[in-house]
Amino acid sequence: MVDLLALARELGGVSAVRLGPRPTVLVTDPESVQHVLALHPDRYVKRSHRARVLVGDGVLAATGEPWKRQRRLLQAEFTGSGIRRYERRIVGAARRTADRWVDRARTGEPTDVGEDMRFFALDTIWRSLTGHPLDEATNRELAAVHAVGAALPATPSASADLAGLRAAVAVDLARIDAVAEHAIAAARRGEAGPEGPGLLRVLVEAGESRPEYTDQLIRDELVTLLAAGHETTANTLSWLYLLLDRHPEARRRALDGGAAGSPERERALRALASETLRLYPPAWLIPRHATEDDTLADYRVAAGTDVFVCPYLTHRDPELWPEPERFDPARFTAADEGRRSTRHGAYYPYGIGARACLGAQFAVREMTVLLDHLLPAFVPTFHTAPTSAVFGFTVRPDGPMRATITAM
């Protein structure tokens, strides 16, 4: 990725590169990003998805009219008012993580911060889907989601051995399917959890009135929400804690930004998350396929060309972001707006346009709630900390994050 970063800076915001078995067009220029993702989604379409072996025909991988129907069904659950319905569940998962850190601080027993962030994010989405807190048995089985995700190719490839990949992860897929089958059956029986029915009930009810919502599609949507709803958030929170370890003054400034529970404190916590998302966007590479001839920044794009839009590179462009490698949450506060690019297409950690991530607001909200519980009360001191990133289906730290928790 370092070489790709240097190449993008040398060649410009639209360039021909080889990121797979054949030449492709790499897009990082904001105007061209807007052109591809927001203004002309009919010319640049999602042809397939690296995660299809995991999520099937869920909304993440669906295209055309099926995608539009599936998106409409889920959209209301992830608007501002929809997210408020899940606030108590997000808070419950955050308190559970805080209680774990209280225990770790009391005993001195080390913890893996990355695993704690993964458990929190999975607990949050599991509560939101089923109404139940995540239990240890389900947590162990759903570790298979991470295992399958780690096996997915870093870039789309027309020559990828999908049959071989499916065979390699068959055991993990069977574990995921068993969890999904059990959860769907419980929702059909009306077995609401202690926090009431969850989003899974919306899918089950769709299956009762819409023939397209087969058992397989309900499974695919459930697994999509589980995978996309926790892996990316867990990775972002893991990166955030690694960045705070390197820049402890950022924690102090965020806490000094306002009193506990105040709008000022919330904005400061959101700024921490936003700057982390700039440096490590969940959707670090967004593939599209050109359906017709077009021109991008004077570059001729022929029909049939694969186009890769890269938030990771856009977010590190020094012409858009002064000192782009520097962790500077103040970019996202009123105090230092001059260090934040306001150009459309300069910041898009969850994509932009019609296919932008459904759960972006939900993810930022759960990160803010967790930070509100953990940041004032605890500081992790890392024994081992990853030094580089793994660029796969997501961009994630390359190793364990063992730390001792100190109560403040």
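1. The side chain of T305 has a polar atom 2.7 Å from the backbone oxygen of A302. That is inside the polar-contact rule: N or O atoms within 3.5 Å, one able to donate a hydrogen and the other to accept it within protein, with residues adjacent in sequence counted only if both atoms are side-chain atoms. The model is predicted: local features need pLDDT of at least 70, side-chain atom pairs need 80 or more, and totals for chains, interfaces and linings use all residues. Numbering starts from 1 along each chain as its sequence is written, and side-chain values use heavy atoms, without hydrogens or water.

2. T305 sits in the loop between strand 7 (299-301) and strand 8 (306-309). Strands are DSSP runs of E, at least two residues; helices are runs of H or I, at least four; both are numbered from the N terminus. The relative accessible area of T305 is 17%, so T305 is buried. Buried means under 20%, exposed over 50%, partly exposed in between, with a 1.4 Å probe and protein chains only. Beyond its neighbours within four places in sequence, T305 contacts V25, R288, H289 and A290. Contact here means heavy atoms within 4.5 Å.

3. Helix 12 has 32 residues and reaches 47 Å from first C-alpha to last, close to the expected 46 Å. The expectation is 1.5 Å times one less than the number of residues. Of the 32 residues, 27 are buried, so helix 12 is largely enclosed by the rest of the structure.

4. L217 lies in helix 12 (residues 215-246). L217 is buried, at 10% relative accessible area. Its contacts, leaving aside neighbours within four places in sequence, are D57, Q70 and E212. The C-alpha of L217 is 37 Å from that of A271, which is 54 residues away along the chain.

5. The largest nonpolar core has 100 residues; L54, L200, Y241, L272 and L375 touch the most other members. Helix 12 gives the largest share of this core, 14 residues. A separate second core of 15 residues includes V25, V27, Y44 and L296. A core is a set of buried Ala, Val, Leu, Ile, Met, Phe, Trp, Tyr and Cys residues joined through side-chain atoms within 4.5 Å. Among the contacts of L375 are Y241, L244 and L272.

6. How many disulfides are there? The count is 0, where a disulfide is a pair of cysteine sulfur atoms within 2.5 Å. The sulfur of C357 is 17 Å from the closest cysteine sulfur, in C310, too far for a bond. C310 is buried at 0% relative accessible area, whereas C357 is partly exposed at 36%.
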